[in-house]
Amino acid sequence: MQPDPLARAQEYASSGDHAAAIRLAREAENAYAPAAASDLEAATNLLWVRLNLARWLAVQRQPDRWDALTVLDAAEQTWREPIVQRSEMVHLLGAELMSLRSFVLRQVGRAADALAAADQALLFFADLEATAPEALAAVGRVPILLNRGAALADLGRTPDSVLPLTLGLDLLRSSGTVHRELEAELLVLRGTSNTLLGRFTEAEQDETEAITLTRAQPTRAARHLLAAALNNYATTLTRMRRLDEALASVGEAMGVLREVDGEPTTAFQRRRWGIPLSTEAEILLALGRREDAARSARLAEPIMREYAEELPDLVAGSLANVCLLIGDAEDDLAYAQEAYQRFSELTDRFPGRYDYWWRRSADVVARLTS
């Protein structure tokens, strides 16, 4: 008997060899596609292959999220075929498809579309609860709630974002299963929302818990989550004016990145440094170390501009913040005005999300033009 090609691909992905998994999935996709319009088994297999292929494209060491989105578009076309729509699997496949679409759309900065996909996935889950509860995984709803909360925060609906993230955490912790990386990501996201809302004590609790969880996990994904948690904790500490602690935390975040990746050589590795460098610049500026702050912000600037060429919506706020930091640290009016213009546009698009930075940029422009 020939081994199932998807099962073989999943084995490669589990071992970290995403390139081999993607190659086998492409072969399986080509094998199942011709019969998918008329054969339910072929259509179902094709959908599962494409869902896995899209996930691997999105999470491999150098993600190709646009390609992942193209694969998901093809998966949705198959899912909408009459033969699938009439099957008992339609809601389960729809939930998996929309959950993954929500994740990938969020990763390319399309927060509104990510939110719509997450909401549709939750509707499918509700249908399954009523008709086939045995098909549901204990924590199947948790990633959807995570993406929904993150998308709401990205859209400026920060108060609304806390509830789905909290529901996801409660559901995960009550399920009896252990998913430490998922738990840590929920905590990191909720901590970010709490910081934006000025709930610094709650944010500190979430972020320190995420740091504790990820320190104990050896995987590459967990180490990157640890770096994110440390960076976000540094931001929270900065808002609380605990600046020396904040500087130590962001320094540790960059140490973790260096430990995992070494000195960045690829574009994607460089991108991981943009946010912590910006955080470091903000802390140094608050400490009065303007020259050091400018140096960190200048290191972040080309990373963010390069990143924005590919994913402008995803990093628009981060690029605007780098411009603000350079303008403030170097008394550079052109950078301050660029920051103000960028934050003004973002504030119009996402009311409430960027107010803090918009006010800061306005203050810097006023200081430099007075």
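Trainee: Why is A151 called buried in this predicted model?

Mentor: A151 has a relative accessible area of 0%. The term buried applies under 20%, so A151 is buried. A151 is placed in helix α8, which covers residues 142-154.

Trainee: What does A151 touch, not counting residues up to four places away in sequence?

Mentor: A151 touches R106, A111, A114 and L115.

Trainee: How do you know whether A281 is buried or exposed?

Mentor: The relative accessible area of A281 is 1%. Because the cut-off for buried is under 20%, A281 is buried. A281 lies in helix α14, residues 267-286. Leaving aside neighbours within four places in sequence, A281 is in contact with A293, S296, A297 and L325.

Trainee: What separates the C-alpha atoms of A281 and L311?

Mentor: They are separated by 23 Å, and the two residues are 30 residues apart along the chain.

Trainee: Why is Q107 called buried, with a relative accessible area of 15%?

Mentor: The value of 15% is set against the limit of under 20%, and therefore Q107 counts as buried. Q107 is found in helix α6, residues 90-107. Not counting residues up to four places away in sequence, Q107 touches R65, L311 and L314.

Trainee: Which residues have the most contacts inside the largest nonpolar core?

Mentor: They are W56, W79, L186 and F343, in a core of 120 residues. For W56, leaving aside neighbours within four places in sequence, the contacts are L6, A9, Q10, A13, H18, A21, I22 and A25. As general background, nonpolar side chains in soluble globular proteins tend to be buried together.

Trainee: At what angle do the axes of helix α10 and helix α11 cross?

Mentor: The axes of α10 (residues 180-196) and α11 (residues 200-215) cross at roughly 160 degrees and come within 8 Å. Angles over 145 count as roughly antiparallel, so α10 is roughly antiparallel to α11. The crossing of α10 past α11 is left-handed.

Trainee: Which residues make this contact?

Mentor: On the α10 side they include R180, E183, A184, L187 and V188, and on the α11 side they include F200, E202, A203, D206 and E207.

Trainee: How do the residues of the contact of α10 with α11 divide?

Mentor: Seven are nonpolar, five are polar and seven are charged.

Definitions and conventions. Residues numbered from 1 in each chain as written. Predicted model: local features only at pLDDT ≥ 70, side-chain atom pairs only at ≥ 80, totals over all residues. Heavy atoms only, no water. Core = buried A, V, L, I, M, F, W, Y, C linked by side-chain atoms within 4.5 Å. Buried < 20%, exposed > 50% of the residue type's maximum accessible area, 1.4 Å probe, protein only. Contact = heavy atoms within 4.5 Å. Helix = DSSP H or I, 4+ residues; strand = E, 2+ residues; numbered from the N terminus. Axes fitted to C-alpha atoms, helices over the stretch in contact; angles between N-to-C directions. Parallel < 35°, antiparallel > 145°, perpendicular 65-115°, else oblique. Left-handed = near helix turned anticlockwise from the far one by under 90°. Nonpolar A, V, L, I, M, F, W, Y, C, P; charged D, E, K, R; others polar.
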